[in-house]
Amino acid sequence: MPTLSNQDLLQIWEYGSLIKPHEYGRLLLTMGMPELDAAELPNMTIGERDKLLLQLRGEMFGSRFDARVPCEQCGEKMEVAFDVADIMVEDDCEKKEREVELGNHTVRYRVLAIKDLDVLSSLNDGRKIEECLFSRCLLEIRRNGSVVDESDLSASEKDTIIHHIAQADPQSEVLIKLECPYCQTSSEVVFDIVSYVHTEINHYAQRLLLDVHYLSASYGWREKDILAMSAHRRQAYIDVITA
Ligand SMILES: [Zn+2]
């Protein structure tokens with residue numbers, strides 16, 4: 001698997017500013033793991049995508065994550081640090097179809113996939129999102145062995161299935177437990193690998209562009225050549241300029 005070059009990271013930063021947030025995960029996989037079958041990407045579950053993104057992020061920036069999260073209670077910033085191994089879910093996420101028994105009904109559904117994100121992200125009403133999730137992911141309902149349609153389900157049975165679909169992919173919703181060191185309040189935050197890497201690449205690109213600016217202004221070097229240098233070598237020249 002190729003490691004992304006500085007050129008690639010700048011390209012991701014550039015394309016990333018032109019697309020919708022939910023498309024960013026797919027951009028990262030397309031650029032960072034070109035060996036993946038592009039035609040199969042839409043069928044990848046969100047958990048599968050996130051597992052690959054955690055792996056890709058490890059190759060780019062290492063396996064440790066650091067963040068600062070404001071406490072809901074007192075507003076103080078809490079330091080959060082964890083390793084990729086802490087948030088890798090041991091789950092058979094390659095199992096894209098699941099089944100749930102509900103009274104006389106056996107309901108088969110598929111796990112949410114990348115192809116669903118375009119539609120789901122265009123909705124902002126909670127109930128509409130649930131309805132959409134249900135209609136896209138439902139595969140088959142059987143009552144006592146015979147296929148029936150969804151009108152055979154009660155409203156509460158339908159809600160239970162929606163709940164199952166939403167919970168079917170634990171890697172797609174990683175929760176981090178926190179305790180505030182200032183007021184001792186416990187809380188849980190959702191860790192989203194896509195937005196984390198998005199922020200990280202934006203910061204990296206901005207530092208890289210500043211380096212290019214200093215070095216090209218001082219030495220007249222081309223962007224391409226500066227980007228091909230190691231961070232260590234760029235820094236050595238910048239230290240000379242700013243000494
Ligand atoms: Zn607090």
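Modeller: Helices (H or I, at least four residues) and strands (E, at least two) are DSSP runs, numbered from the N terminus. This is a predicted model, in which local features need pLDDT of at least 70, side-chain atom pairs count only at pLDDT 80 or more, and totals for chains, interfaces and linings use all residues. Residues are numbered from 1 along each chain as its sequence is written.

Colleague: How many helices and strands does the chain have?

Modeller: The chain comes to 10 helices and eight strands.

Colleague: Why is the chain said to be more spread out than a compact globule?

Modeller: The radius of gyration is taken over C-alpha atoms, and the globule rule is 2.2 Å times the number of residues to the power 0.38. Here the radius of gyration is 23 Å, well over the 18 Å that the rule gives for 243 residues, so the chain is more spread out than a compact globule.

Colleague: Is glutamate 157 buried, exposed or partly exposed?

Modeller: A residue is buried if 20 or more other C-beta atoms lie within 10 Å of its own, exposed if 12 or fewer, and partly exposed in between, with C-beta atoms placed from the backbone. Glutamate 157 has 17 other C-beta atoms within 10 Å, so it is partly exposed. Glutamate 157 lies in helix 7 (residues 155-167).

Colleague: Which residues is glutamate 157 in contact with, leaving aside its neighbours within four places in sequence?

Modeller: Contact requires C-beta atoms, placed from the backbone, within 7 Å. Glutamate 157 is then in contact with Leu102 and His105. Leucine 102 is 55 residues from glutamate 157 in sequence and 7.3 Å away in space, C-alpha to C-alpha.

Key
Contact = placed C-beta atoms within 7 Å.
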